Amino acid sequence: QVQLVESGGGLVQAGGSLGLSCVASGRTPSIATMGWFRQTPGKEREFVAAINLKWGGTSYANSVKGRFTISRDNAKNTAYLQMNTLKPEDTAVYYCAATRSSVPSEWPYWGQGTQVTVSS
């Protein structure tokens, strides 16, 4: 099993920046990809960004491309999401996810979520 714990959420004004962290524990050598998703009330959880832990390849949702950066520190079993130029529509609960797949079609491991609120 893999456990994920997010941190770093909070309240920020539009145009500001926030950084999120996700620490993995448990069977971490089995993890191939880590990602970030977000969800607002009444909406489905949506993909934000993902990173391949071996090669460092990344992917982003169009809505965050150029503003958010995902990175990882394999020695610390940690993935990061740096969010810049935040907009009110970025307000959501952000979830960290992990999978054994290098080409994820499902994400079996999830963190508890951290709230990000962007005020206008």
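**Salt bridges, rings and strands**

Visitor: With which residue does E46 form a salt bridge?

Guide: The closest N and O atoms of the two partners are 2.6 Å apart, and a salt bridge here is a side-chain nitrogen of Lys or Arg within 4 Å of a carboxyl oxygen of Asp or Glu. This is a predicted model, in which local features need pLDDT of at least 70 and side-chain atom pairs count only at pLDDT 80 or more, whereas totals for chains, interfaces and linings use all residues. Residues are numbered from 1 along each chain as its sequence is written, and side-chain values use heavy atoms, with hydrogens and water left out. The residue that E46 meets in this salt bridge is R38.

Visitor: Is R38 buried or exposed?

Guide: The term buried means under 20% relative accessible area, exposed means over 50%, and partly exposed is what lies in between (1.4 Å probe, protein chains only). While E46, at 35%, counts as partly exposed, R38 has a relative accessible area of 6%, which means that R38 is buried.

Visitor: In which strand does R38 lie when it pairs with D90?

Guide: The side chains of D90 and R38 also meet in a salt bridge, at 2.9 Å from N to O. The two residues are 52 residues apart, with D90 in the loop between β8 (78-83) and β9, where strands (E, at least two residues) and helices (H or I, at least four) are DSSP runs numbered from the N terminus. R38, for its part, is in strand β4.

Visitor: What is the angle between the planes of F37 and W107?

Guide: Rings of Phe, Tyr and Trp (its six-membered ring) pair if their centres lie within 6.5 Å, and planes under 30 degrees apart count as stacked, over 60 as edge-to-face and the rest as tilted. The structure holds three aromatic pairs, one of them formed by F37 and W107, which is edge-to-face with 5.3 Å from centre to centre and a plane angle of 75°.

Visitor: How far does R45 lie from the ring centre of W110?

Guide: A charge sits over a ring if NZ of Lys or CZ of Arg is within 6 Å of the ring centre and within 35 degrees of the ring normal. R45 lies over the face of Y95 at 3.8 Å from the ring centre, and R45 also lies over the face of W110, where the distance is 4.5 Å.

Visitor: Which residue in β11 is the bridge partner of V12?

Guide: Two strands pair if DSSP finds at least two bridges between them, and four bridges join β2 (residues 10-13) to β11, the two running parallel. The bridge partner of V12 is V118.
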